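Please look over the sequence and the structure before reading on.

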Amino acid sequence: MAAHRHNSEAMASDVHKKIKAAFKAFDYEANNTVDVREIGTIVFSLGCFPSQADLHDFIAQVEEDHTGFIHLEKFLPVMTNVLLEKRFPPIPEDKLLQAFEVLDKEKKGYLEQEELTKYMMQEGEVFTQEEMDEMLTALTDQKDNVIYYKDVIDELIIDNDI
Amino acid sequence: MGCGTSAVATETQVKRVEEAEAMKAAVLIQRWYRRYMAHLEMRRRYTWNIFQSIEYAGEQDQLQLSSFFSFMLDNFTQLNGNGPDLISQLLDPVLDPWLGRETCFSCIPVPDSYTGPRLTFPLSVSDTNALLNAFKEQQTLHAKYLLQLLCETKKLLRQMPNIVHLSTSYTKDITICGDLHGRLDDLLLIFYKNGLPSAETPYVFNGDFVDRGKKSIEVVVLLFAYFLLYPDYMHLNRGNHEDHIMNLRYGFTKEVMQKYKTHGREILQLFQDVFSLLPLATVIDGKILIVHGGISDQTDLDFLNSVERHKVRGLVCFILRRRHCQLTHQDSAASCSSSSSSSSSSSTLCSPRSPSSLSPRPCPSSPSIHFTVNSLQVPFLDSLSSLSPPSPPQYEREWKQIVDILWSDPKNQDGCYPNTFRGGGCYFGPDVTQRLMLQHGLQLLIRSHECKQEGYELCHGGRVITIFSASNYYEEGSNRGAYIKMGKDLIPRFYQYQVGRGTRKLTLTQRVRVAESSALKALKEQLFTHRSELMAAFKEFDHNNTGCVSVSEWAQVLESVLRLDLPWRTLRPHLVRLTAEGAVEYESCFEDMGSGTQLAQVTPNLAETLFRYRTDIEIIFNIIDKDHSGLISIEEFRQTWRLFSAHLGVDINNQAIDDLARSIDFNKDGSIDFTEFLEAFRVVHKLDKYQHQSRMDSNTERL
């Protein structure tokens, strides 16, 4: 029993360290607060896949009366639970390929820029124009002007370790 | 859909299912993409933190250097007049004291083959246009015109007060720019976006025009040229890099000597004069204060306006000056009367020469000239001799006012305390800002001095703005540059930009990759130059000599030895290998690094010290090497090295140094090419070209 408790304590301690490190990266004034607009980035970078609704709920839990800032003291326990409960589990990579294939109705093996734009900006958790522009710049093959999604998937999943 | 009975699916049902699937797919992709962007942003932040930490750590080295010079001042009696008289060489930046400041520029011939601008004074718009075009075409301005330009600038600056007052009543919007640090592309971009300086487009440039970037001369020539052309519409504040010791360390001196081999020394001398004459502050409508660094709780603008600003050459000089005053106060309390020169052996510097004569000296035939007392020219001691000696506190107060303006940084906690990182100036809190605003009826402080990722940043409740105009300061993609425009309403509007290399637009991913790779390289160099300390600390955890420690232990060691506040666990994958069991092979981080050339005589201990203090040593050598020939004598090398290592408390075998010195003197002519020597102590990343190659390959794939 004691060993088990020790293990879970050690695990919690590790989790705490991870969360603090991610939080600190955006704590510009070194006073344990971050701008609420950076919370999404922090949550994602800790390995979670929240939906936009999930994020809104999460922020509501940790925000301090609309100052626009989140304090580490409130963030830490909530985030710890999220991680330990695996509340926003990652979506497997093969699902990502399937998703692209669903959108590629004609089974061409690629998507046109307009096609992708239509889906990203009209369906689901829509992108802003800024997000769309960046995605197109990042994923479009410069020669053929289309998105070869099998290739870009490698790009999208490659930065896993941070 | 049911199982079993094949119910006929209507078209709409199929469509609805398809739509639902498409939406699910879209959501999935969006979520994945957002995750990817978040990771990228995280990496960008970490990269930024690395650059900043290392920069601040580097600035502590500046403090190290100052303390070394103080150490020398305390100990120079031990040199017995045989060693290089670094102190006098440091305080006396004049190479040829008999060289009249008004050099005969018309004597300098300009060959017909020179196709660059031929300036005529007073300058006209065609001259400034010629300069712009020439610099865009990578041409260099001929030394003759540069010297003339500097001379004219000096004359004009002499007439300006320390604090320049501007008004928005007569001008259109005023544009305020921050640090440029020799980035010509940024300056040209600003001129392109915002317009060239003119009556319609007045500018304030807030210091740090030179150092670090490769085109400091071009930047500062353009700024001075427009200043001469439109003195009412072009305003320049001094920055902490308008200082010759900083220039020695951060590249401006080197740039001048490389581009102007014949006249470099004179040019540097004139630059020094001009820099010390730059105004310290600009005030708009009596409400907006613009200074390069910041303020302190002692800042008094009225007093600041009254000091003789050109006397303050720079920060290190300030520290030395203070130390020198303390020493002479101790040694000869009653000696400093106004006209007599007191020279005891321990205060060789407190001997002002009579103001009127320039004692002729034989021309130095070798770099290792040793200055004798009588012909020593120490600029600010001249003024000391011609007045009744001001008490050191007065001097101290003047210097401190100026240093505070040029070096301070705002912080979020109340209070004002010394800026130990930079070695000069203060950290000032919101209360200090508030007090100054009230005292002088101000509403805003605009300053520069610190790089900001977005090119600008507000603090102290919006009362303080930092504006920084050198984009990609640390590395391609590291940050944007920005400038402020302000009209009669005195409300600042921010304009951002980022200079890009090449025409192809880099994606955020590529920019982050490049910046990250560069930051990691710099970080690894920090590890390399602290190798023995790190290894010693690792061994303390590794009792069984397995070559491994846990991740926690590894992070702990790095934190305590390097004293850089970075997320070590997160960076770990980029720095060291793990065993299959998850332990850190601590030696693996040194694997792909080595030194420039191999020197057999160099023990690891010596090598590391040389690596770590390479920049400081370079500065010291540059000071000794007064004619900037790149050579110093073996004796000077030996003496300097002994002194430096004594100061560091490093246990270096003197014999090793002697052997080293002799082995470097390849020509056996008694002089050392110290550039070559230092090359040996530049960290080389062995895998570098492969990393670069593979990055190029992956770039062309992704396009």
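The sections below describe a predicted model, beginning with the interface and ending with a helix pair.

## Extent of the interface

The size of an interface is often given as the accessible area lost when the parts come together. For chain A and chain B, this buried area is about 4,600 Å². Carbon and sulfur atoms account for 62% of it. The contact involves 50 residues of chain A and 39 residues of chain B.

## What chain A contributes

Several helices of chain A each supply at least two residues to the side that touches chain B: H1 (2-24), H2 (39-45), H5 (93-103), H6 (113-122), H7 (129-139) and H8 (149-157). H5(A) gives the most, with 7 residues. Sorted by class, this side of chain A has 26 nonpolar, 15 charged and 9 polar residues.

## Packing of H6 and H7 in chain A

The axes of H6(A) and H7(A) come within 11 Å and cross at roughly 145°. The crossing is right-handed.

On H6(A), the contact is made by Gln113(A), Leu116(A), Thr117(A), Met120(A) and Met121(A). H7(A) meets them with Gln129(A), Met132(A), Met135(A) and Leu136(A). The residues of this contact comprise 6 nonpolar and 3 polar ones, with no charged residue.

Conventions. Residues numbered from 1 in each chain as written. Chains lettered and ligands numbered in written order. Predicted model: local features only at pLDDT ≥ 70, side-chain atom pairs only at ≥ 80, totals over all residues. Heavy atoms only, no water. Contact = heavy atoms within 4.5 Å. Buried area = accessible area lost by both parts, 1.4 Å probe. Helix = DSSP H or I, 4+ residues; strand = E, 2+ residues; numbered from the N terminus. Nonpolar A, V, L, I, M, F, W, Y, C, P; charged D, E, K, R; others polar. Axes fitted to C-alpha atoms, helices over the stretch in contact; angles between N-to-C directions. Left-handed = near helix turned anticlockwise from the far one by under 90°.
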